[in-house]
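Q: Can you walk me through a helix packing and some salt bridges in this one?

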Amino acid sequence: MLRSDYCAVKPTCATALHAKYAARVLAKGLREHAYAVDVAADGAAAIEQVDGTDYDAVILDLMLPLVDGLAVCRHIRAAGGHVPILVVTARDGVDARVEGLDAGADDYLVKPFDFRELLARVRALIRRGAQPVLPAAVR
């Protein structure tokens, strides 16, 4: 999960991935690119972290233990959270992608992926996250 702090220079991110090794590798790569990263080991921990921290972005796996990623995503949106959410998952079917986006995800990346693409998507989400999604006339 990427966290925003009013005096931080670097964006912060929360990650919740079902594989511990993948979470460590992803967090290490993000840190090497100047992101502050918090890692949640399961969906319940992810909910707790997101509820208590102002992140710039959330990277969320759908196959989390305890509480699945879709439920985490729905919780964030139901609680009024506007943090950009990037879902990363092996579920590559159209129905799975639609379900993830309808649950509140802003973007969906299928594993395996190139880390450069993940970085580009996170940068784009953070850029868009600072601006209203709809023009004022439509809201």
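This is a predicted model: local features need pLDDT of at least 70, side-chain atom pairs count only at pLDDT 80 or more; totals for chains, interfaces and linings use all residues.

Q: At what angle do α2 and α3 pack?
A: About 20°, with the axes of α2 (residues 43-52) and α3 (residues 69-78) 9 Å apart. That makes α2 roughly parallel to α3 (angles under 35 degrees count as such).

Q: Which residues make the contact?
A: G43, A46, I47, V50 and D51 of α2, and V72, H75 and I76 of α3 (contact means heavy atoms within 4.5 Å).

Q: New topic: how many salt bridges?
A: The structure holds seven, a salt bridge being a side-chain nitrogen of Lys or Arg within 4 Å of a carboxyl oxygen of Asp or Glu. One of them joins D106 and R77 at 2.7 Å, N to O. D106 sits in the loop between α4 and β6 and R77 in helix α3, 29 residues apart.

Q: What about R121 and D107?
A: Their closest N and O atoms are 2.7 Å apart. R121 is in helix α5 and D107 in strand β6, so the pair ties together parts 14 residues apart in sequence.

Q: Is D107 buried or exposed?
A: D107 is buried, at 14% relative accessibility, while R121 is partly exposed at 23% (buried means under 20% relative accessible area, exposed over 50%, partly exposed in between, with a 1.4 Å probe and protein chains only).

Q: Which residues are in the network?
A: D107, E117 and R121 are linked by salt bridges.

Key: Residues are numbered from 1 along each chain as its sequence is written. Side-chain values use heavy atoms; hydrogens and water are left out. Axes are lines fitted to C-alpha atoms, for helices over the stretch in contact, and angles run from 0 to 180 degrees between N-to-C directions. Helices (H or I, at least four residues) and strands (E, at least two) are DSSP runs, numbered from the N terminus. Angles under 35 degrees count as roughly parallel, over 145 as roughly antiparallel, 65 to 115 as roughly perpendicular and the rest as oblique.
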